[in-house]
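Welcome! Please open the structure in your viewer, switch to a cartoon view, and follow along one stop at a time.

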Amino acid sequence: MKAARFHGQKDIRVEEVARPGAPRPDEVVVEPLYCGICGTDLHEYMVGAIVTPTKPHPLTGVTNPQILGHEFSARIIEVGADVTTVKVGDRVSIMPAIVCGKCDPCRTGRGHLCELFACTGLSAETGGLGEIAVLKEYQVAKLPDSISDIAGAVVEPAAVAAYGVDRLNMKGGDVVLVTGAGPIGALSALYASAIGASQVIISEPNPYRAAFAKTLNLGPVIDPTKQNLHDEIMKATDGHGIDVAVEASGSTPGLTSCIDETRRSGRIVQTGLHTKPATIDAMKLSEKDISLIGSWCYLITDWPRIIRLAAAGKYPIEKVVTATIDIDDVVAKGFEVLTNPNGDQMKVLVKVKK
């Protein structure tokens, strides 16, 4: 079968590989339909290996080269003997986390923090950028007819964004600041609006991403390098300010803006991943009684809820998709475009099944 495999830094190859074997009793075999290119994939491409294993993974036993792709929709083509929740022909969205089920986080309902955490498309035998993938039954969630294959591939990043916002304990009517309007920032803004934010203010210096954020029609989009962020926020909120903030840029300036602009006793969630240590004025956290909260992945049980919210039209996750490409173009029209600082795409999906 054809698959896009990560071999090393700047080395992704579309090549023929062996098809996986028959499923175990608790597994399903799927044909990936659309697969997103994630920021984690881009980090692997630019400076990896980081997450992909260079020695046998403790849970899955795999090593590079790795079939990439962990944000995808698929159609089930075979099921194991013990599978009961889905059947051949069902369209599904993939929850890519692979967990041991035995460690303390797993046994206390926090599978996303599994001590042996692995991920389809990053540290597993198969991935969404291959023509066939094998998954555990718990990794697939059926898509209703009202959800497209494209939207099904966006459920994973949508769940990342939703979990971050949920960590804030946001209340209806809150004013929300989102720093960074990449795919996760945009999805965070959409989700905050879906669950009752009175205003969502986005801070984004990149002209393309700022222009895209404006098309979401959620509230003011501010360029902090050209405008006074504090003054613009005060103007937009009639002096109320920011109740809760989502830091989605993974940058020190973004985090600093959240700390500066969040009201006293407010809350900030760090959703964007920092690739190097951030510098903050920690005294401000104390002076303003601010809670700074980390966020990692998503609840592995969240797929049905996110799908229902999208199907109801309240969480329009498909809006972040700006291009679809063929798998043969995954490097030239996908990774190279998305790692270009002047690139003009937000979320690129690869059409795996022709």
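**Stop 1**

Start with an open sheet of three strands, whose order is 2-1-4 and whose pairing is antiparallel. The edges belong to strand 2 (11–16) and strand 4 (66–67), each of which pairs on one side only. Keep in mind that you are looking at a predicted model.

Now select strand 1, residues 2–8, together with strand 2. How many bridges link strand 1 and strand 2? There are six bridges, and the two strands pair in the antiparallel sense. To see partners across this pairing, show Phe6 and look over to strand 2, where its bridge partner is Ile12. Then show Ala3, which stands opposite Glu15 in strand 2.

Follow the chain from strand 1 into strand 2 and you will trace a hairpin, with two residues between the strands. Click on Lys10 in the turn: this residue has a positive phi of about 60°.

Next, turn to the other neighbour of strand 1. Strand 4 runs antiparallel to strand 1, and two bridges join them. Select Arg5 and you will find Ile67 of strand 4 opposite. While side chains are on display, here is a handy rule: in a regular strand they alternate between the two faces of the sheet.

**Stop 2: two helices**

A pair of packed helices is described by the angle between the axes and the distance between them.

**Stop 3: a pocket**

Rolling a probe the size of a water molecule over the atoms shows where empty space is left. Look for the second largest pocket, with a volume of about 460 Å³. Which residues lie nearest the centre of this pocket? Select Arg24, Glu27, Glu125, Val134 and Lys136 to see them; the whole lining has 20 residues.

Colour the lining by residue type and you will get nine nonpolar, five polar and six charged residues. Finally, highlight strand 9 (residues 133–136), which supplies the largest share of this lining, three residues.

Methods
Residues are numbered from 1 along each chain as its sequence is written. This is a predicted model: local features need pLDDT of at least 70, side-chain atom pairs count only at pLDDT 80 or more; totals for chains, interfaces and linings use all residues. Side-chain values use heavy atoms; hydrogens and water are left out. On a 1 Å grid over the protein atoms alone, a cavity is a set of points where a 1.4 Å probe fits but cannot get out, and a pocket is an open set with protein on both sides within 12 Å along at least five of seven lines; lining residues have an atom within 4 Å of a point. Grid points are joined across faces, edges and corners, and a volume is the space filled by probe spheres set on the points. Helices (H or I, at least four residues) and strands (E, at least two) are DSSP runs, numbered from the N terminus. Ala, Val, Leu, Ile, Met, Phe, Trp, Tyr, Cys and Pro count as nonpolar, Asp, Glu, Lys and Arg as charged, and the others, Gly among them, as polar. Two strands pair if DSSP finds at least two bridges between them.
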